Structures are given as C-alpha cells and as structure tokens.
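Hi,

Here is the structure I promised to pass on.

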Amino acid sequence: MARYVALIIVFAVLIGIFALGLERDPRKLPSVLIDKPAPEYALPRVKDPLSTTGSADYAGQMVLVNIWATWCAGCRQEHDYLLQLAARNEIPIYGIDWRDQRPQALKWLNELGDPYVASAYDEDGRVGIDWGVYGAPETFLVSRDGHVLYKHIGPLDESIWQTEFVPRIAAQGTAK
Amino acid sequence: MIPEIGHFALVLALSIAVCQGVMPIIGAHKNDAALMSVARPAALGQFVFVSISFGCLAWSFLQSDFSVLYVANHSHRALPDVYKFSAVWGAHEGSLLLWILLLAGWTVAVARYSSDLPQPMMARVVGVLGLLSCGFLIFTLLTSNPFERLIPAPADGADLNPLLQDPGLAIHPPILYAGYVGFSVAFAFAIAAMLTGKLDGAWARWTRPWTLWAWLFLTVGIALGSWWAYYELGWGGWWFWDPVENASFMPWLAGTALVHSLAVTEKRGLFKSWTLLLAISAFSLSLLGTFLVRSGILVSVHAFATDPTRGLFILGFLGVVIGGALILYAWRAPDLDSTAGFRPVSRETFLLLNNVLLVIATTIILYGTLAPLIYDVFEWGKISIGPPWFEFAFALPMLPLVFLIGVGMHAAWRSQAFGPLVERLRIPGIAALVAGIAVPTFFYGRFGLLVSIGTIAGFWIMVVSLVDPLRSWRRARGTPGMTRSAIGMSLAHFGVGMFTLGVTIVSAFTIETDRSVRPGEQVDVAGFSFELVGLKNVQGPNYQAIEGEIEIRREGEFVAELRPQKRTYIVQQNPMTEAGIDAGWNRDLFVALGDPLGNNAWSVRIQYKPLIRFIWLGALIMALGGVVAASDRRYRLRAPAREHATSLSEEPA
Amino acid sequence: MRQTLILILTLLVSASAIAIDTELAFEDPEMQARYEELIAEVRCLVCQNQNIKDSNVFLASDLRREIRRMMSEGMSDAEIADFLVARYGEFVLYNPRKSGRTLVLWVTPALLLGIGAIVLVRVVRDRMNMPVDNDVLES
C-alpha cells in the first residue's frame with residue numbers, strides 16, 4: 001500500500017511545484033552579482049568621446065546604474081519615468097549605453113531628455129557582459145561601498161521603485 | 001455567421017459529451033442497458049458537431065475572414081491555400097480544436113470497433129473518453145475560443161509564422177496529436193478495468209491494438225518533427241532535447257513499455273499493475289506535455305504563446321484526471337496479483353527488464369526537463385540542462401536495453417534454456433561484432449570505443465531481427481508461418497536497429513564547417529567540392545529570396561546542384577533559411593546560406609551527414625511494424641477462435 | 001498577449017538564421033575544435049533554448065568574441081566557464097557543472113539504475129519460486 005500512496009504524494013508535490021512555477025518567468029535570470037562588488041569600468045562618455053566616465057565617478061555613493069539603448073522598446077517606455085526620478089533628486093542615475101550607435105544615442109538624449117549624471121558608451125558590449133546584461137533595460141542598485149544590492153530587468157516604474165528599491169535604500173541608510 | 005455556427009456547434013458538442021461521459025458509466029454501474037446504450041450515439045453526435053466546428057474554422061481561414069481574431073493573427077491574403085488550412089492548427093486555440101477533433105475521432109472508432117467488448121466495458125471506456133472530451137471542450141470554450149471576433153476586422157492578417165509554412169510542419173501536428181490523443185484510449189481501458197476491479201488477458205487483448213495504433217502515430221509524428229527541424233531550421237540538427245520534444249518523447253517511451261507489458265498480461269496474466277500504471281502514465285505524460293507547451297512555464301522554441309491562467313486550468317485538469325486515476329490505482333492494484341511464475345532466463349524476465357529500463361529512461365528525461373523548474377521554484381538558482389546531460393543520462397539505460405532487445409526477442413515464455421539461445425544468437429552476434437567494428441573503422445576512417453558500441457548494437461538488433469523471418473522463409477512446406485504479430489515485432493525491432501545505427505554514425509562522423517565564399521569559389525568538405533556558382537533574386541508567393549546555386553562534385557564528377565535560399569517574408573519581415581539538401585540513403589549533403597559579408601562574399605554552412613536518413617527510415621519501419629502487428633487476426637476474432645501457439649519463440653509476443 | 005506572441009515569433013524565426021562565425025576563428029585545428037565545443041555548451045540567454053554557436057543575436061556573437069579572446073589569452077576551459085558563470089550564473093552553461101547541488105543532477109541517473117536493478121532482482125526472485133504452469137488468463 002505504501003508505494004501506491006507514495007506515488008500519489010509525489011504527484012501532488014509535482015502539481016504544487018507546477019502551480020508555483022506558473023507564477024514565475026522562466027526566462028528571467030536573477031542576478032548573480034547581488035551582494036557582490038559591482039563591476040568596475042571606465043568608458044568614453046556618450047556626449048563627449050574624449051572624456052571618460054565609470055565606476056570611479058560614483059565611488060562612495062549609492063547610485064542607480066541603468067543599462068539602455070535606442071533600439072530597445074522597453075527603454076523608451078521607462079525613459080519618462082527615469083526623467084521624473086532624476087528630477088526628484090533622490091538618487092543619482094548613471095547610464096550605460098549598451099551596443100548602440102553614438103549619433104542615435106545623442107539624438108535620443110537631446111530630444112527626449114537626459115536623466116543621467118553621465119552615460120558611458122559601451123560600444124562593443126564588454127562592460128555589459130561584466131554586469132551580466134542580457135536584455136535592456138536593466139537597472140542596478142549599487143551601494144555606497146560598491147556592492148550590487150538589486151537588479152531589475154525590464155522597464156522601471158513607480159510601483160517597482162517603491163516596492164523593490166526604496167526599502168533597500170532605506171535599509172542601507174540605517175545599517176552602518 | 002459561420003464562426004458563430006462553429007462556436008455553437010462546440011457548445012452542442014459539450015452538452016453531448018456530458019451525456020456521453022456521465023450516463024454510460026452510471027449505466028455500467030447499475031447494469032442499466034438503456035443508459036449504457038447512450039454511449040455510441042453520443043460519441044457519434046459529439047464527433048459530428050466537433051467536425052462542424054472544425055470545418056467552420058477551416059472555412060474562415062480559407063475565406064480569409066479576418067473578423068475572426070484567430071484568423072487575423074495567423075493568416076494573410078497572400079498565404080497559399082494549403083497553409084491557410086494548416087494554419088487552423090498553427091497556434092494554441094486551433095490546435096486545441098484539432099485535439100478535440102482527434103479525441104472525438106478515436107472515440108467514434110472505439111465505439112465502432114468494440115463489438116466484441118461486453119457492453120459495460122464499452123460503456124465505461126466511451127464514458128471516460130467522454131469525460132476527457134468534456135474537460136477539453138470546457139477549457140476551449142472558457143479560455144481559448146478560436147471563434148472570438150475582431151471588430152473592426154483588419155484589411156489583412158498578421159500572416160502565419162514562416163517557419164510553419166512548410167509541408168512537413170503542416171502535417172506534423174495532426175499525426176503527432178493522433179498519437180498523443182490515442183493514448184487516452186488505453187487510459188480509458190485502464191480506468192474501466194479499475195472501476196470493475198477485473199483485469200485479465202481479454203482486457204489486454206482488447207487494449208493492445210488501440211495502444212499500438214496510438215504508438216505508431218506518435219512514432220511517425222515525432223519522426224516528422226525531427227526531420228522537419230533538420231531541413232527547415234538550417235543548422236542540420238535533428239534532436240535538441242528541447243522541453244517540448246521531450247514532452248513528446250516521454251509518452252512514446254511509456255507507450256513502448258506499455259505495448260510490451262500488455263504482451264505479458266495477455267499471454268500470462270502477469271505484470272498487471274505495471275501495465276495499468278503504464279497505461280495511466282502514457283496518457284498522463286501526454287497531458288503533461290500539453291501543460292508544458294501551453295502554460296509558459298518552460299523555455300522552449302516550441303512553446304505556444306499563452307498565459308498562466310490557461311496554465312492553471314490545464315493544471316487543474318491534470319490534477320483531477322491523473323490524481324483520480326492514481327487513487328483508483330491505489331485502490332485496485334493491490335488485488336491484482338497472480339501467482340504465475342517464470343524462470344530467471346525467460347521472455348518474462350527480458351520484458352521486465354524492458355519495462356524497468358524504459359521507465360528509468362522516461363524518469364530521467366522527466367527529471368531533466370523539470371529540474372530547471374524545480375530548482376527555480378525552490379530558489380536553488382537557475383540551472384541549465386542541455387543536450388550534453390541528456391545524451392549522457394539517456395544513454396545509461398538505453399545502451400543495455402538495445403543489446404537486450406536482441407536476446408529477449410528469442411527467449412521463450414516461462415523458461416528459456418541457455419544453450420539453444422546462445423546457439424541461435426552466436427552467428428548474428430559475431431556478424432554484428434565484425435560489422436560494428438569494421439564499418440566505422442574502414443568506411444568512416446576512425447575507430448572509437450563508444451562509436452563501435454553503438455554500431456555493434458545497431459547491427460546486432462538488425463541482424464537478430466532477421467533471424468525469425470529468415471527461418472520462416474526457409475521453412476518446410478506445410479508448417480505454419482509467422483503471425484502478423486511476430487512479423488510486426490521483427491520489423492519494428494529492425495527499425496530500432498536502423499535508428500540506432502543512424503544515430504551513432506551521424507553523431508560520430510558528421511563534418512560541419514562555416515565558410516566565407518564568393519561566387520566562383522569552392523570549398524572542399526569530406527571529399528566533396530562545393531562551388532558557389534552564383535546568387536540571384538527569387539520571388540515566391542509571399543516572400544522574396546536570395547538563392548544561391550551550389551554545384552557539388554566528387555573527384556571531378558558532378559554529384560548534385562543545390563539551391564539554398566535566404567527568404568524574407570513580406571509581412572513578418574524576418575529572414576528565414578531554406579537549406580539545400582542532397583539526400584542519399586547513406587549520406588546527406590547539407591548547405592545553408594548565412595549572411596552577406598560584404599565584398600560579394602557570403603557565409604555558408606556546409607555539412608556532411610552520413611547515414612542520417614537511417615534515423616527517420618528506422619522510425620518509419622518501426623511504425624510499419626506496428627501497423628502489421630496491430631492487424632493480427634486474433635484482434636479481429638472472438639476469444640475461443642484464437643489459435644493456440646506452440647512453445648517456439650515465434651509465437652506471438 | 002499579442003506582444004508576447006510577436007516576441008516569441010521573432011525569437012523563433014531568429015533561430016532559423018545561422019551563426020556568423022564565417023572564417024575559422026583559430027588557425028590551429030585543435031584550438032578551433034576546442035572553441036567549437038565551448039560555444040556549443042554556452043547558452044544564448046536572449047534566445048529560447050539555443051546555444052551561442054547556432055544563435056545569430058548580438059549577445060551571442062559578443063560572447064563568442066569574448067571566448068575567443070579568453071582562449072587566445074591562454075585561459076583554460078574551466079577558467080572561461082568561471083568567467084561566464086560569475087557574470088550570468090550557472091544557467092549560462094548547458095552542461096551543469098559537477099559541484100554541490102548540481103552534483104545531484106549527475107548522480108540521479110545512476111541512482112535510478114540502481115533502484116531499477118533492485119526492483120528487477122526482487123521480482124525475478126519472487127517469480128522463480130512460483131509454479132510456471134498455473135496461468136489464470138480469463139476471469
């Protein structure tokens with residue numbers, strides 16, 4: 001009798017796992033960089049190829065690092081929200097323009113507005129690979145001591161900001 | 001108007017299916033002949049209305065009625081008519097309707113060809129099939145209505161995915177589904193047996209031909225899918241261990257085990273609970289496959305675009321159907337034991353080994369397919385299980401199995417003496433050993449231990465399957481010949497050997513290279529020279545293409561001219577590769593265009609694939625064996641008229 | 001829903017174009033063979049279940065380029081795998097590595113065979129002690 005009951009139990013467990021699995025997106029990759037040091041980089045700026053920007057610029061600050069590109073529909077979606085966020089002055093936003101064309105990127109920032117303190121121009125994608133980027137837009141929360149606290153895949157909006165980012169920022173403020 | 005008729009027909013089909021599902025089963029329980037006799041007419045009625053519904057959808061496609069949302073999403077005015085028809089099952093809603101149609105079709109077949117079944121059994125079987133139909137019809141009507149309207153209708157549709165605009169992929173789903181759905185018949189027989197608590201040789205004899213037919217449809221369906229992927233997807237692969245492919249392979253493995261287990265139950269009344277569980281499993285795995293494909297829960301090239309709500313519904317259906325079956329099983333299986341025995345060396349033992357190894361293989365594939373999901377749900381990280389793991393893990397049980405097939409085929413029931421067995425198999429064994437080592441080493445130029453094991457196994461099964469037919473062919477006049485069941489078995493096993501040989505050789509000796517070529521230049525691969533003669537623009541009915549002309553020569557002699565294309569379909573604007581293939585019984589030459597590299601050069605992938613046709617030919621022969629076996633006389637006669645077989649191993653398995 | 005459909009269709013069709021590595025990446029045939037094996041074992045993360053050898057998207061060619069660079073710098077297969085896993089997680093490798101919780105993936109098939117063997121022995125032992133001639137076929 002035991003083995004028949006075992007069969008039913010195994011089956012029930014499988015159904016449970018499937019039910020839980022339905023709520024997950026199998027293609028979303030959690031970041032392996034969480035709680036690890038954020039990658040260091042130095043790249044030419046989008047707006048000025050002769051000067052550099054990189055992780056050194058925000059050392060010691062808590063920042064958002066946003067991966068974006070002009071060919072990415074989701075980036076266009078979140079751009080207005082990023083402008084709002086930047087205007088509120090809550091946290092500096094640094095951009096990495098991933099696998100893009102400089103003329104298009106400049107046009108984008110000029111016409112739509114520039115929410116970034118500075119945007120790095122990652123032409124060949126090597127820095128993107130260091131951050132584990134596989135699909136723009138992606139937004140990273142980096143702590144004062146240079147660790148990745150959180151990664152959000154997909155366009156950013158107010159509700160995600162409030163649920164995922166604000167609590168983590170607050171926790172960092174109290175922890176010292 | 002037509003779409004509304006189609007929709008209404010579906011609703012009518014549901015109400016008939018409810019009667020078909022409920023009344024005969026109650027009738028069988030109460031021995032009420034009137035209730036039981038509802039089964040056959042209800043089955044027919046359901047089939048009629050589902051056919052009407054399917055016809056309405058097909059009509060909407062052929063008339064390009066873009067006021068139907070499903071048609072607008074998957075068709076286009078310029079789409080060739082044949083693909084307008086096959087587009088009916090090109091996506092989730094329509095393929096579900098196809099499933100329901102096939103289920104109704106199998107049910108009508110069972111109702112029609114069940115004259116030698118006692119009425120209560122027939123009533124239960126048709127009843128269970130009716131309940132399954134109800135589930136699918138409700139699912140369709142509530143969440144996946146193919147007749148939903150799109151007002152205002154667009155001027156033209158979004159076109160069918162170019163990958164699906166192909167003859168191979170057009171017939172792959174109907175045949176595959178015929179197999180998937182066909183296992184519901186074995187499932188229904190199993191439920192019927194568990195409801196009565198009786199399972200005997202007669203039950204096995206009734207169930208077996210239905211199972212064989214379902215199995216052989218599934219075999220052909222999977223082979224078609226593999227062949228299609230090979231010539232259409234452009235990189236020469238024929239199996240990817242993709243979750244949806246696995247979802248079709250698992251019922252096939254369980255079905256193969258079931259066919260063999262039924263043999264033992266029919267012959268000796270043994271392995272009853274194995275057989276029951278396998279019958280439940282084969283269909284459960286079909287249902288699981290449906291769930292995996294349509295719920296978005298796994299990453300797969302085949303997945304239908306769908307949402308979690310549908311997934312939840314299917315999951316619920318899965319839980320009820322399989323859970324219910326397992327509960328019945330827990331209730332009835334303990335009482336099914338018999339006290340018949342067999343010696344350690346006997347056909348029974350080999351068939352037991354067969355069961356065990358196939359079940360292990362199925363479990364391994366299930367595990368590999370679901371492990372990423374399980375790890376994700378328990379937050380143990382996202383892991384990846386791909387072909388390298390599957391090939392290793394699957395080979396573990398299959399390698400011993402392929403060698404044992406050859407021996408088991410020739411073992412007698414109850415007890416087989418070792419000596420005569422060795423005597424009979426000695427020469428085939430030596431022949432296989434020699435051929436298995438000689439062919440890779442001398443024909444293909446390399447000796448490898450693993451390769452040789454594979455080729456020896458392939459030759460072994462092929463030769464050993466010919467032993468009985470040869471003996472029968474040279475038999476004395478007047479002695480009885482082989483039954484169709486036995487011929488079918490030999491054929492099917494021969495197909496397995498061919499398949500094994502093909503897989504081993506093509507895996508070990510494929511030569512594949514990416515090159516940059518300009519018109520006039522040539523590339524040498526595997527002793528053939530491939531020259532890109534030129535490139536030109538070509539216009540198709542709903543696409544534009546760049547076509548390359550490739551001339552293949554061997555030692556100066558002309559072999560073939562291939563015309564690989566790079567197509568751009570007008571509507572969806574995505575580039576598609578049509579490979580140029582020169583097929584031969586012993587090798588394929590495969591050329592696909594990549595991208596233009598500038599400077600008049602193109603990237604070209606050239607492949608030499610030895611014995612690859614053996615893979616699908618082997619599968620077709622397996623299916624043919626199934627047809628022959630299913631047409632055996634004893635399935636068409638009543639029990640007392642069966643011939644009594646002798647104890648020779650050519651008796652029906 | 002429609003967007004998901006289009007996304008999946010796009011990815012499906014992108015699967016039909018073949019990878020761009022058109023020149024042999026390495027002169028040395030051994031390095032080339034090692035390269036081809038490596039890229040067959042790395043997953044294309046943007047695609048639906050494909051490796052970076054067969055995929056045409058730019059992430060795949062970026063990763064191929066990085067692997068070529070690492071190989072010419074003399075990194076071993078294990079070091080290259082570590083590099084990728086450090087950035088993308090175990091998911092990026094098709095072949096789960098033999099470590100900790102992925103060990104169970106490699107052990108399970110052997111375990112199942114062991115269970116099968118036990119079942120086999122038990123059944124055969126039971127049945128060989130039963131009489132072979134008392135079939136009860138019809139009931």
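This is a predicted model: local features need pLDDT of at least 70, side-chain atom pairs count only at pLDDT 80 or more; totals for chains, interfaces and linings use all residues.

A:Pro137 sits in the loop between H4 and strand E6 (138–142) of chain A.

B:Pro152 is in the loop between helix H7 (119–143) and helix H8 (167–196) of chain B.

A:Asp35 is not a glycine, yet has a positive phi of about 65 degrees. You'll find A:Asp35 in the loop between H1 and strand E1 (42–44) of chain A. With a relative accessible area of 58%, A:Asp35 is exposed. B:Trp241 has a positive phi too, about 55 degrees, and is not a glycine either.

Over all chains, the structure holds 47 aromatic pairs. Take A:Tyr4 and B:Tyr329: their ring centres are 5.3 Å apart and the planes stand at 80 degrees, so this pair is edge-to-face. A:Tyr4 is part of helix H1 (residues 2–22) of chain A, while B:Tyr329 is part of helix H12 (residues 308–332) of chain B, so the pair joins two chains. Both A:Tyr4 and B:Tyr329 are buried.

B:Trp238 comes from the loop between helix H9 (201–232) and helix H10 (243–268) of chain B and B:Phe499 from helix H17 (residues 484–509) of chain B, so the pair ties together parts that are 261 residues apart in sequence. As for accessibility, B:Trp238 is buried at 18% relative accessible area, whereas B:Phe499 is partly exposed at 29%.

In chain B, the charged end of B:Arg554 sits over the ring of B:Phe528, 4.7 Å from its centre. In chain C, the charged end of C:Arg43 sits over the ring of C:Phe91, 4.2 Å from its centre.

Now for the interface of chain A and chain C. What touches what there? On the chain A side 16 residues are in contact with 21 residues of chain C. The area buried between the two chains is about 1600 Å², and carbon and sulfur atoms give 58% of that. The rule finds 3 salt bridges across this interface. One of the salt bridges pairs C:Glu66 with A:Arg126, where the closest N and O atoms are 3.7 Å apart. There are also 4 residue pairs in polar contact across the interface of chain A and chain C, both residues being at pLDDT 80 or more. Which element gives the largest share of the side of chain A that touches chain C? Helix H4 (residues 126–130) of chain A does, with 4 residues.

Chain C itself has 5 helices and 2 strands. From the N terminus on, these elements run α-α-β-β-α-α-α. Chain C has 139 residues, and 47% of them count as buried. If you look at contacts in chain C between residues at least 6 apart in sequence, 48% join residues at least 24 apart.

A:Ala59 is in the loop between strand E2 (52–54) and strand E3 (63–68) of chain A, and counts as exposed at 58% relative accessibility. A:Ala59 and A:Thr70 are 11 residues apart along the chain, and their C-alpha atoms are separated by 27 Å.

Cheers

Technical notes
Residues are numbered from 1 along each chain as its sequence is written. Chains are lettered from A and ligands numbered from 1 in the order in which they are written. Side-chain values use heavy atoms; hydrogens and water are left out. Rings of Phe, Tyr and Trp (its six-membered ring) pair if their centres lie within 6.5 Å; planes under 30 degrees apart count as stacked, over 60 as edge-to-face and the rest as tilted. Buried means under 20% relative accessible area, exposed over 50%, partly exposed in between (1.4 Å probe, protein chains only). A charge sits over a ring if NZ of Lys or CZ of Arg is within 6 Å of the ring centre and within 35 degrees of the ring normal. Contact means heavy atoms within 4.5 Å. Buried area is the accessible area (1.4 Å probe) that two parts lose on being put together, summed over both. A salt bridge is a side-chain nitrogen of Lys or Arg within 4 Å of a carboxyl oxygen of Asp or Glu. A polar contact is a pair of N or O atoms within 3.5 Å; within protein, one must be able to donate a hydrogen and the other to accept it, and residues adjacent in sequence count only if both atoms are side-chain atoms.
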